[in-house]
Amino acid sequence: MMPVVSPAKLQEFSLDEATRVVQEFKDQPGTLINALHKLQQTFGYVDEAALPMLAKLFNVSRAEVHGVTSFYHDFRRSKPGRYTIRVCQAEACQAMGSEELSAAIKQLLACDFHETTADGLFTLEKVYCLGNCACSPNIMVDKQTYGRVSPASFKALTQQLAEKAAVSK
Ligand code: FES
């Protein structure tokens with residue numbers, strides 16, 4: 001799983017800054033993926049505008065860079081929402097209804113996995129085991145894990161988060 005970075009710590013994307021932060025990987029074979037991770041940690045996603053720069057830096061085609069970002073679903077291609085919600089899909093959570101919970105969450109947020117809600121508040125992702133199997137089904141919001149989540153408790157939680165986001169605007 002990609003490290004969770006608080007949205008407050010993410011920087012606004014700029015090509016100059018992107019070029020600067022990936023310099024440490026220059027001339028190191030096989031480190032394109034590390035550079036992509038660094039961009040995602042810095043900006044929360046890999047901006048399309050960074051791909052030509054990466055291709056040049058690593059002496060590969062743009063298609064190859066694009067291929068790597070598409071292959072690994074952890075790499076986001078657009079700016080994440082205010083909160084990133086990860087819904088556990090692993091065995092213990094599945095046994096406790098994570099599929100039904102996922103369906104309810106997708107319906108409630110009107111968004112699918114790897115997407116962000118229209119209001120920019122929530123990005124929805126899958127995760128495979130949060131190490132809290134005894135309290136399945138689990139979700140994680142940014143760095144906080146929530147156990148025994150039901151559609152109703154999820155709805156209440158997202159309402160609280162939306163209110164918190166409105167206050168801190
Ligand atoms: S299977 Fe979901 S927390 Fe372990």
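**Note on the cores and salt bridges of a predicted model**

1. At 49% relative accessibility, E48 counts as partly exposed, because that class lies between buried (under 20% relative accessible area) and exposed (over 50%), computed with a 1.4 Å probe on protein chains only. This is a predicted model, in which local features need pLDDT of at least 70 and side-chain atom pairs count only at pLDDT 80 or more, while totals for chains, interfaces and linings use all residues. Residues are numbered from 1 along each chain as its sequence is written, and side-chain values use heavy atoms, with hydrogens and water left out.

2. E48 forms a salt bridge with R77, with 2.5 Å between the closest N and O atoms; the term stands for a side-chain nitrogen of Lys or Arg within 4 Å of a carboxyl oxygen of Asp or Glu. E48 lies in the loop between α2 and α3 and R77 in the loop between α4 (62-71) and β1 (83-88), so this pair ties together parts that are 29 residues apart in sequence. Helices (H or I, at least four residues) and strands (E, at least two) are DSSP runs, numbered from the N terminus. R77, at 27% relative accessibility, also counts as partly exposed.

3. A salt bridge also joins the side chains of R76 and E125, at 2.8 Å from N to O. Because R76 sits in the loop between α4 and β1 and E125 in strand β3 (residues 122-127), the pair ties together parts that are 49 residues apart in sequence. R76 is buried, with a relative accessible area of 9%, and E125 is buried, with a relative accessible area of 9%.

4. The side chains of D112 and K106 meet in a further salt bridge, at 3.5 Å from N to O. D112 is partly exposed at 35% relative accessibility, and K106 is partly exposed at 28%. A search of the whole structure finds six salt bridges.

5. The largest nonpolar core has 21 residues, of which V22, L39, L54 and F58 touch the most other members; such a core is a set of buried Ala, Val, Leu, Ile, Met, Phe, Trp, Tyr and Cys residues joined through side-chain atoms within 4.5 Å. At least two residues of this core come from each of α1 (15-21), α2 (32-43) and α3 (51-58), and α3 gives the most, with six residues.

6. Leaving aside residues up to four places away in sequence, V22 touches A35, L39, M53, L54 and L57, where contact means heavy atoms within 4.5 Å.
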